[in-house]
Amino acid sequence: MKTQKKIAVLCNYRLMSERVGGMDHFYWLFDKECKQMGYEVIWFFPNESDHGEYNNLTIISAEDQSIEALFLKYITNTKIVFDVVITHFLELCTPFFKKIKTNFTCKVIAVDHNARPLNGYPLKKTVLKRIKGFLFSKHIDVFVAVSKYTTNLLVDDFGKQIKTKTVLVYNGINTGLFEKRTFRNFVHPTFLVASNLGYPKGIQDLIEAVSKLPENCMCKLKIDVYGTGNYEKQLEELVRKYNLEETFSFKGSRSNLFEIYNQYDYLLQPTHMECFSLSVLESLSANVPVITTSVGGNEEVIKNGENGFIFPPQDINRLSEILESVFIGKLRIIQDTSVLIEEQFSIQKMVKEHIALL
């Protein structure tokens, strides 16, 4: 009788009952597909949750310990032997991966979701990553990059020895969730921001860019900001500094963004660092073009002038120029932006490619 293959999935991803993100849908569908193939899957998260389809998953929660410590304690206590160990959002090339290989003759798949700083890591951290790559990369069988950008930086981070075992699997979204916008205002379009409100997301650049617009644009422009974060108060203060309270409206976090995107004409994402943005995919899926920076994998999805507009990160003057041109109708996006996402960035395609790695 064939032994059931056992898979451990370690995710340093806190489950939030008040919202459902793109990765939640991926986890649910991946678990379902694995079970249909006869695999047993055990998930290790920082916390438990039963929202959405999480009640269908077998979850071991870390609570007050790290995911790595939880997993090592679990396998010591249960003596369960896993055939495949997959990690999401965990630090790569650490002694933990050596410990996994010491316990099992298993396949280790490490997925890199980490965005890099705009100007790269400090020298000390760069050297440390190379050393860690030399010592521990041999204990990881497959490195999964979620963009071509990440593929290149993984090799830069940990050394050329991982190049042959680094594969590209783009993140995908559940395109069926997003209601499409059926028209687009080419003059005086509406804008939204959907982002964590932290400094690296660059919303302060957007506020500065709007402050430079001509008065006839500024007084009519409306931007709704969805999200929360540790830089929110500073952003609100900057809005008050430039008397832009009538332009910017902070809406807080919403669990139903998939129903909201199509109420707007453009998504604004002035980010300084990105790995591969699910917000970009979601907006395009709703037929809402994106104005964003040339960081991370953004240019692998956004084709300038076709489904959005690209500008250099922190280039406030260029962002202001694009905003003015789009607002008065000088620049416009004509095409249906959802087609690309349905064809190349669906969650079904993402799951299929992850299953193939098993």
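Two strands count as paired if DSSP finds at least two bridges between them. By that rule, 7 strands here form an open sheet, in the order 3-2-1-4-5-6-7, with parallel pairing. Strands (E, at least two residues) and helices (H or I, at least four) are DSSP runs numbered from the N terminus.

A word on the basis: this is a predicted model, where local features need pLDDT of at least 70, side-chain atom pairs count only at pLDDT 80 or more, and totals for chains, interfaces and linings use all residues. Residues are numbered from 1 along each chain as its sequence is written, and side-chain values use heavy atoms, leaving out hydrogens and water.

At the edges sit strand 3 (59–61) and strand 7 (166–168), each pairing on one side only. Strand 1 (residues 6–11) runs parallel to strand 2 (residues 40–45) over 5 bridges, and Ile-7 has Val-41 of strand 2 as its bridge partner.

Angles run from 0 to 180 degrees between N-to-C directions, with axes fitted as lines to C-alpha atoms, for helices over the stretch in contact.

| Helix | Strands touched | Angle with strand 2 |
|---|---|---|
| Helix 1 | strand 1, strand 2, strand 4 (84–88) | about 155° |
| Helix 2 (residues 67–78) | strand 1, strand 2, strand 3, strand 4 | about 135° |

Helix 1 (residues 22–36) also meets helix 13 (residues 347–356): their axes come within 10 Å and cross at roughly 50°. The contact includes Phe-26 and Leu-29 of helix 1, and Met-350 and Val-351 of helix 13.

Technical notes
Contact means heavy atoms within 4.5 Å.
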